[in-house]
Amino acid sequence: MMPFAFQRATALADAFAAAANRGRYVAGGTTLVDLMREGVETPERLVDINALPLHEIRLRPDHLEIGALARMAQVAANADVMRLYPAISQALLLSASAQLRNMASMGGNLLQRTRCPYFRDVTSACNKREPGSGCPARDGVNRLHAILGTSEHCVATHASDVAVALVALDASVRIASPEGERRIPLEQFYRVPGDTPHIEHVLRPGELIVAIEVPAGPHTEQSTYVKVRDRQSYEFAVTSAAVALAVDDGRILDARVAAGGVATVPWRMRHVEAALIGQPLSASTFRAAARLSVEGAVPLTFNAFKIELLPRTLVRALETLETLAVPAL
Amino acid sequence: MSRLIGEPLPRVDAPLKVTGRATYAAEHRLPDLAHAVIISAAVGKGRILEIDSRRALGEPGVLAVISHLNTARLPYRPHKGWIDPTVGERLHVLQDDFVRHWGQPVAVVVAETLEQAEHASHLVGIRYEAEAPSFTVPDGESIEPQGGYPANYSRGDADQALATAEHRVDCTYLIPRENHNPIEPHATIAQWDGQRLTVWDKTQFPTNVAEELAAVFGLERANVHLICPFVGGAFGTSLRTWPHTTLAALAARHVGRPVKLVLTRKQMYFGTGYRPETWQRVRLGAHSTGELTALKHEGIAETSRYEHYIEGLLNAPRFMYSCPHVTTSYRLVPQDVHTPTYMRAPGAASGMFALECAMDELAHELRIDPVELRLRNEPKIDESRNVPFSSRSLVQCLRTGAERIRWHRRRAEPGALREGHWLVGLGVASATYHTLRNTASARVRLRPDGTAVIETAAADMGPGTYTSLTQIACDELGLPPEKVQVVIGDSNLPRVPPHGGSQTLSSVGSAVLAACLAARSARQERAHSGAIAGSEIVATETSQPGDATKRYSMHAFGAVFAEVMVDVDLGIVRLAHMVGVYAAGRIVNPRLAHSQAIGGMVGGVGMALLEETHIDRRDGRITNANLAEYLVPTNADIPVFDAVFLDEHDPHVNPLGVKGIGELSYVGVAAAIANAVFNATGKRIRDLPITLEKLL
């Protein structure tokens, strides 16, 4: 680990000032410190923002507000989140380990870096870490890499589970800077790699995520997150699906669908949603819509199976909601 | 007078461990300690062109950057420890500019603090001339292994018998490289006093560390002292003495201070051994009534270019079942890798995976129940040696296990049991591991205050050596456990074999038994002679196997039953239940034996479903050298297991009648799970691990 300066910020203004002085924000540190140990991240100055008043989870009349410093475990166990936004709670509980969930902040979760082994190994080329150096993952160990949103420069998956649920549920992030606040839909927050895989999101230098907002709606209660992974705890998604449905009388009125483990950013699937909306709640509806999820997918050496697995994952998630939608007798 | 043997005595060292007072290798405190960090080669093969240490040496606290450029040639006197490969020579570390494998140590940075050493290690500029390493298992040029396990074995004429067999199966099985991943990292503290060297090193073989360091540095054996009272798991990775131990001693001599060197998790994949990748082909011939007529088992494993690591991959097929025509063939393919080593039931875990899956394939082909097929092939003697088994209770293990898992639920037709999304399957496999015993010594001190001290150079990586030796001594000396102290993990204590191969209790336990008997008779003699009590009675005994090994074939046996659920759409495999039934002679401590069996079974689950070291074959890089991406089972993956030991009396194996259980409980698990997956889905997965895409 390279030597670095460390300071604590107790007010937003302190944090901004420190950031302007080449500071990097650190909250739970579960991604950043890990990568500093690997030499992948080499900040000169860390600004501990844990003392900022951004820990609250509040249910507003038309949305849920999650403070950026709320811990994953805290959000997962929040009664309002569990009742009104089950996909968010489920996605969090299926993430990482209990220890990590206790440490990791929600804002940090959204900004976590990929688990691509070539990115995390400074002795390897990686366009994300060193633009222009190449992408060994394309022809290397790539079973867990992306099939959607990839480019010749990068095929790394975005690792967050909860970001998939949030993108499905139309969440926005509130971003603060000395100039004030702005709000950006999470779906537009992330950038696909293209030929600039080192640029992962639209945050400008010194900007800080202060909150996540998830709108209310008739579909959020009927939401779920299904995660397919190689072991049952402490493991990233092979594929995952966040879905939400508003159903009336056996017909789908509204739908939200996003996928994880398969794409370079949390992957909203509006074409799948369109194929669900207005259709009867049925296995054939689910299958037909899910098939669209892999349109345009580009497989690599070891991950072609995801083209088969992703639609099945979506169907499973939709079936889970169908079971819930049946009124209790 | 047996009172404690057979009782579930809690671990005598448990209070030390759970209160953090048990000191592991890296935890010993020495004044003036400096810290060393290894720089690992970032090419898979090649030569070092340049090492630029200037920036690193300019950093605060940095004491030295040691490489082949500035260190003396070490004597490296010939030394073959019990656990070193017969053919080849250990890696001579920092002795030349050659890189033989990815991650090979190429330099060591020493600094006042660990952080300074780590930081400086990133500032050392190393240029290489890289070559492409070769990875050619199984098709590459192979060699016949020498010195231990036979390259070729045959009885009868397997080819002829296969050609005329009524039924045949012919299957190929692949097992990837696996790494041990104990929780305690390898660690060494080295301290010189003139020509005397003291090391605190994580090891399963204390005396060998001292002997190897004496050889490497050209010292008198008596001048090297190894101390290692506790080991935080090892699974075989701490049997040999690896380059980092030499590096710690070298660095300490270089800077003239004691030095601590702890491997990172990543570095534990780069030079401390692993289970070799293996390719196996099994051909079975049988009558339609199930009796085997032919068995041909071929195995090819990777090894390094500088040492030929061999293991008992094909031992079990030669005696496991009754069969007149048997051929085994074992080959090694040298690659640009570091040397594999013993890992959790070495050889047996891999070989029995192939054999027990093939038996299941035969059972399916013949429409005979897999348990029944094994019963029909139960041999009367060890047909490979024409001697009886000292004891063999496989039949009882199979019957007991079938009852406990309620085997009658199993449907012969795959895919017949379904619960919602889950296909349910049951599978079985036999297990075996040979009963080792080697010459071991122990010393007993009977103190005037009525307490006793047991001293022996054994180790305890977790199975409970401290506790089981206490039980043996208590019974022989007629003392309660609180009056007996066991001292192990020190190279100056009486010599014993390595703490591996499930032989500690059979070898060291026998020596402790003998020393206690000798001490007791010395005490009686003293009492009869009317000598005044007051001085210590010391008895040292060496216990060695007699000729019983010539007259008997000695193995522990077991049967593993797995019940799995496979998600019909998503391919996910979950264990519903597992039963392991073992017959391993006398069980000295049922609590610890149960714990060890459960641990072995969990390890087997890892082998079956999760474990694989990913190697980028373009340059030899290991891409999952960490505990997030090298998957081992978590608690969530493991249901409650049922591990049972049958009563078995074996008067031939050793004076205690024990057979060893550490390896046995690992064997057969992967096959039982693979067979259960077939029963659930109709899909044969012959390459481990059984990941979900193989079942889509």
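Analyst: One definition to start: domain bounds here come from an automatic or database domain assignment. Also, this is a predicted model.

User: OK. Which domains does the assignment give for chain A?
Analyst: Domain 1 of chain A covers 1-51, and domain 2 covers 220-324.

User: How far apart are the C-alpha centres of domain 1 and domain 2 of chain A?
Analyst: Those centres are 36 Å apart.

User: Switching to Glu65(A). Where does Glu65(A) lie?
Analyst: Glu65(A) is part of strand 5 of chain A, residues 63-67.

User: Is Glu65(A) buried or exposed?
Analyst: Buried. The relative accessibility of Glu65(A) is 9%, and buried means under 20%.

User: Which side chain has a polar contact of 3.2 Å with the side chain of Glu65(A)?
Analyst: That of Arg60(A).

User: And beyond its neighbours within four places in sequence, what is Glu65(A) in contact with?
Analyst: Arg60(A) again, plus Glu56(A), Ile57(A), Arg58(A), Arg174(A), Ala211(A) and Ile212(A).

User: Now chain B. What is the strand order in the open sheet of 3 strands?
Analyst: The order is 4-2-6, and the pairing is antiparallel.

User: Which are the edge strands?
Analyst: Strand 4 (98-99) and strand 6 (125-130) of chain B. Each of these pairs on one side only.

User: How many bridges join strand 2 and strand 6 of chain B?
Analyst: There are 6 bridges, in the antiparallel sense. Strand 2 of chain B spans residues 46-52.

User: What is the bridge partner of Asp52(B) in strand 6 of chain B?
Analyst: Gly125(B) is the partner there.

Terms used
Residues are numbered from 1 along each chain as its sequence is written. Chains are lettered from A and ligands numbered from 1 in the order in which they are written. This is a predicted model: local features need pLDDT of at least 70, side-chain atom pairs count only at pLDDT 80 or more; totals for chains, interfaces and linings use all residues. Side-chain values use heavy atoms; hydrogens and water are left out. Helices (H or I, at least four residues) and strands (E, at least two) are DSSP runs, numbered from the N terminus. Buried means under 20% relative accessible area, exposed over 50%, partly exposed in between (1.4 Å probe, protein chains only). A polar contact is a pair of N or O atoms within 3.5 Å; within protein, one must be able to donate a hydrogen and the other to accept it, and residues adjacent in sequence count only if both atoms are side-chain atoms. Contact means heavy atoms within 4.5 Å. Two strands pair if DSSP finds at least two bridges between them.
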